[in-house]
Amino acid sequence: MTTKTLRRTLLAAATLLALTVPTLAQAQATIKIAGLYELSGAGASAGTNFKNGVDMAVKEINAAGGILGKKLEHGISDTQTNPGVAKGLATKAVDDGAFAVFGPVFSGSIMVSMAETKRAEVPNFTGGEAAAITKQGNPYVFRTSFTQDTAMPKVARYIAGGLKAKTVAVMYVNNDFGKGGRDSITKALTDAGIKVVADISTDSGQIDFSAPVLKAKSANADALFVYTNEEESARALRELRKQGYNKPIVGETTLTGQKVIELAGDAANGAVAHVGLTVDAPNPLMLKFKANFYQNYKYISDHNGIKGYTGVYALKAAIEKAGKLDRVAVAKTLHGLSISAAKVPGVLMDLSFDNNGDLDRESFIVEVKAGKQEVKEVLPPLNRK
Amino acid sequence: MTDFLQLVFSGFATGGIYALAALGFTLLWQASGTINFAQGEFVMLPAFAMLGFAAFGAPLPVAFLLTCVVAVGVLGWAFKRGIADPLLRFGLMPIVVATIGLAIAARNGVRAGYSAEAHSFPSLFADKLFNIAGVTITLADLGTLAIALALVLGTQAFLGKTVTGRAMQAVAQNTESATVLGINVPRMVFYTFAINALLACAAALLVTPTYLAKFDMGESLGNKAFFAAIIGGFNNSRGALLGGVIVGVCENLAAAYISPAYKDAVALVIFMAVILFKPQGLLGRKVERKV
Amino acid sequence: MKNLRFGVLLAIGLLLLAVPPLLKNYGIYLFTTWLVFVIATMGLNLTIGYAGQKSLGHAAFFGIGAYTVAILMKAGFSWWFGLPVAMLGCFGIGLALGFPALRVQTIYLAFATLGFNTLVWLVMRNEEWLTGGTFGINNIARPALFGLPLTAALPYYYFVLGITVLLGALLWKLLHSPWGKAFTALRDNPIRAESLGIHIQAYTLLAFAIGAVYAGIAGALFASLVEFIEPAPFTVGASIMMYLMVVVGGAGYFFGPLLGSAVGVLLPEWLRFAQGWYLFVFGSAVVMLMLWLPDGLLSIPDRIRGRRRARDASAARAAAAAKIGA
């Protein structure tokens, strides 16, 4: 081999090497928060909101001096709403020495990536709502919103007591979020003595809802429960109005979110939902959050923004209670921790974690009136019946 | 029965939109052998362009006209000169890959540069509902179908009855003979690209109120456009309309009567059957293989 | 030229062998993913690069391989049992799909395979009792090799590397055999090949089916790599990415898949610094690449050679002309 060739090949190999070796970990002067967010793909809307919520909290905390004197460093990566990518990014976050991982939001992704954070014993806050997330025996996963198993009984209670419905048609999106919700609500409704007369599956990204709405109409149930992601909810609501559906439409946070109201316009009026988090809650801290978020990002946050924001403050509260930057100790502290909004305004509402990582909090029944969410009822936390 | 009619009618409306996207696709293939895997994005980009112009205060018709002009320039001329012309010499693969890359770039450029969220889009039609014999139809459904039909038939008429149109057809059928006859082939091909751009703008105007302007709206639309184009006939413009309607109606009927989870399968099965047994499409002409 | 090629091969070999132990888990994960896609695209390269068929449904076989192994492992069988079942399954389905599909013109084949891919994806998503639907199948174990566990990242990487080299060698032998010549004849001019007595049907079917088997093996390795599968990595979009990888690397070039997969898997990582824009840059890079090098990256040496030859030829012509003139 000539020296010229040797030099050329060594150069090529060196370049490839340089590009494939990730950067070394930085000094320990900051607390690393690794953010795994859906910034593209089906979860882009949710992921972007969650990221912004976390970001705003990080900025506020840093401006106030950080946690235990150290500033927070927020690393952002895009999972592309792909569980495989999320898993890889979780591995990378662990490699980079993250203190805590935030995200992914989508249940399908967190189910996979949390195996990595569990293995590395890194606290992992997620916005996912699927019930299965906290049933895996993972002591390092923590929710920032209700599990479907907590939320759905509340919905069922409203449908039975508030609407006095005897039969319900269930429309859901054919992904892990939708199917998990469908399973939970079906069980909750049956427990409440209500019969589920129609089980209508729709696709993620579905455009034409004439067939599902037709099925809902012909099922002739007393009420319709819709559990799809935001854009699809908007399309469903429009089709329901178009076909003149006149029975109560009930849903969860994704049915009456700000985005849905914007996209569905008039068709959203009258929809009722059980909402774990809403920027329109009659709560001065929440309204302040709404205003700050709008000022920073120029649009109104959805529930995912609140999840991200409150999650960071929950972590802060736990670190300060534990007194040291020890992941295992902080995770232990979080289990069974109750945080009051009076002491930690950042959590916006009192919340408590149980030993599985589930959280308990007030929630709301909202109705969309004239393009805005109006809180009809405030429901107390489950275990404070 | 009214349910069935309801589904069929909704399917017609959606199908009209698929037909518009499919038509442009078919024309490009006929005139220049370009397979445009970014066809869906060609509808997405004008949709966002119109939103952009509207944000600057332009009313919808003005925004539409401005977008048409920009589209002819960018999606027509620039696309042809920049990508199609240099690559067509090398066979089909490079252009397929280049348009795939273009689709990825367009989708993610909009996502990063504008927004990852869905945006509402003003509808051309007022929000009126008609109830005919138990079937609910919106003014938008009727209007979309009418306009799509008009555009398809109009394009067909243009291609068949005007001199320019026939010159374009000649170029599509046999480029060498067309050159010999004195037809300005590059210009004719450019007209095809321009028409495709205009049809895409029209499709954007009609479809975005329902689809909602989102960076990935082009993906599924592009897929359906392929199926529609193939089913109807890759070398026949009316085939695009037939194909689009078949896809739209079948989806709805399948969702209601067979299984919502497999609704895409019906269009697929028809598509595969057409490919395997009548590859030129339901209305297409058989194409001889050159040795 | 031979020295350069040897040098590059050596560099690549060094890279593949010596670099991973220096990397942390994520880096090893990336390298292993790269190799898995190299195997898959080797198969696709056979189909489109050497046999000249246009397949846009390769991810379907990738998925069939992955799900076969995952389902069998969930049922209690070992990965080593699942692998041959996956291979046979892909071969059989490849033949079954190829038989009617290859009778149509090439561009229609592309769409037929696209349709097939979507159908397979639909089944994967809907048949929850079999595939776990959108929830997928979680906690897929990694195989053990002669009793040695391969659960850690580095051992699994070397295992995949070994399989890649083995499959590459097999492909090399195939391409340099009479069959390989037949495949190339098919690509260049199928009708003339037929007139020479080559049974197109059989050979295209074979190329298609073998390509499918490679994808199936890659799928089986993928399932154990990510330890979780769901329908998303097996959509038409994934097929298109694989097609992109083959073409960018250079269809019909033996090492095309190696380079193309690097572009497809590693390049987005390198571009991560661009934050939200990296996929945009990736897409634009693909367009630029096609405009500059429509035959793929590995056509660079050929182009240089061609240009040099043309230059020499015109120099020779000029010299000859001068001589005649004089």
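## A salt bridge between chains

In this predicted model, the side chains of C:E128 and A:K179 form a salt bridge with an N to O distance of 2.8 Å; the term denotes a side-chain nitrogen of Lys or Arg within 4 Å of a carboxyl oxygen of Asp or Glu. The pair crosses between chains: C:E128 lies in helix α6 (residues 128-131) of chain C, and A:K179 lies in helix α6 (residues 176-191) of chain A. Helices (H or I, at least four residues) and strands (E, at least two) are DSSP runs, numbered from the N terminus.

Side chains of opposite charge can pair when their charged atoms come close. Over all chains, the whole structure holds 27 salt bridges.

## The interface of chains B and C

Chain B contributes 44 residues and chain C 41 residues to their contact, where contact means heavy atoms within 4.5 Å. About 3,800 Å² is buried between the two chains, 80% of it on carbon and sulfur atoms; buried area is the accessible area (1.4 Å probe) that two parts lose on being put together, summed over both. B:M93, B:V97 and B:Y262 account for 16% of the area that chain B buries against chain C, more than any other three residues.

On the side of chain B that touches chain C, the elements giving two or more residues are α1 (2-32), α3 (60-88), α4 (92-113), α9 (217-232) and α11 (263-277) of chain B. The largest share, 16 residues, comes from α4(B). There are zero salt bridges between chain B and chain C.

## A nonpolar patch on chain B

B:M1, B:F4, B:L5, B:Y257 and B:I258 make a nonpolar surface patch of about 570 Å². Such a patch is made of residues with over 30% relative accessible area and no salt bridge, nonpolar side chains (Val, Leu, Ile, Met, Phe, Trp, Tyr) being joined within 5 Å; accessible areas come from the Shrake-Rupley method with a 1.4 Å probe, and for residues only the protein chains shown count as cover. Helices α1 and α10 (237-258) of chain B each supply at least two of the patch residues, and B:F4 belongs to α1 of chain B.

## Backbone geometry in chain A

The peptide bond from A:G103 to A:P104 is cis, with omega near -10°. A:P104 sits in the loop between β3 (100-102) and α4 (107-120) of chain A.

A:T81, a residue other than glycine, has a positive phi near 55°. A:T81 is in the loop between β2 (71-78) and α3 (83-95) of chain A.

## Basis of the values

Residues are numbered from 1 along each chain as its sequence is written, and chains are lettered from A and ligands numbered from 1 in the order in which they are written. Local features need pLDDT of at least 70, side-chain atom pairs count only at pLDDT 80 or more, and totals for chains, interfaces and linings use all residues, while side-chain values use heavy atoms, with hydrogens and water left out.

Note on methods:
Patches are made of residues with over 30% relative accessible area and no salt bridge: like charges are joined within 9 Å, nonpolar side chains (Val, Leu, Ile, Met, Phe, Trp, Tyr) within 5 Å.
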